[in-house]
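Student: I have a model open and would like to learn how to read it. Could you walk me through it?

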Amino acid sequence: MARQSGIVVKIRTPDLLREALMALRFIGIDPETGDDECPTVWFDDDANEIVVQGWKAGQELRAKCLETGSIPDTEDVVRLPARMVPILRSACDAAERADVR
């Protein structure tokens, strides 16, 4: 399946639905994913951010993560399989090329 930069992302808020054009560059997808297209990694060239889609963390993992510090309402914990390390490295390389450190 082909991936493209500059996709339209719909963001749903309680008050409105807005569209934002982002320079979202597909980096990679879990090679063992199958048809559900998750987990996935992108790089947002405009925001200079690595964007990750992963499996939702269960309550036990969230509790363990909370031992380190709080999880703000605007953040969440996701899991990625270790086999995606090369894809995460590629996303980090894209960030470094964009002078993000």
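**Reading the model together**

Tutor: Happy to! Strands here are DSSP runs of E with at least two residues, and helices are runs of H or I with at least four, both numbered from the N terminus. Please keep in mind that this is a predicted model, where local features need pLDDT of at least 70 and side-chain atom pairs count only at pLDDT 80 or more, while totals for chains, interfaces and linings use all residues. Residues are numbered from 1 along each chain as its sequence is written, and side-chain values use heavy atoms, with hydrogens and water left out.

Student: Is Thr 40 buried or exposed?

Tutor: Buried means under 20% relative accessible area, exposed means over 50%, and partly exposed is in between (1.4 Å probe, protein chains only). Thr 40 counts as buried because its relative accessibility is 3%.

Student: Which residues is Thr 40 in contact with, leaving aside its neighbours within four places in sequence?

Tutor: A contact means heavy atoms within 4.5 Å. With those neighbours set aside, Thr 40 touches Phe 26, Gly 28, Ile 29, Val 51, Val 52, Gln 53 and Met 84.

Student: How many bridges join β4 to β5?

Tutor: Two strands pair if DSSP finds at least two bridges between them. Here, five bridges link β4 (residues 40-44) with β5 (residues 49-53), and the two run antiparallel. Val 41, for example, has Val 52 in β5 as its bridge partner. The two strands form a hairpin with four residues between them, and Asn 48 in that turn has a positive phi of about 55°.

Student: What should I know about side chains in a strand?

Tutor: In a regular strand, side chains alternate between the two faces of the sheet.

Student: How many disulfides does the structure hold?

Tutor: A disulfide is a pair of cysteine sulfur atoms within 2.5 Å, and the structure holds zero of them. Cys 38 is buried, because its relative accessibility is 11%, whereas Cys 92 is partly exposed at 39%.

Student: Where is Asp 93?

Tutor: Asp 93 sits in helix α2 (residues 85-97) and, at 37% relative accessibility, is partly exposed. Its C-alpha atom is 10.0 Å from that of Phe 43, a residue 50 places away along the chain.

Student: And the overall picture?

Tutor: The protein has two helices and seven strands, in the order β-β-β-β-β-β-α-β-α along the sequence. Of its 101 residues, 22% are buried.
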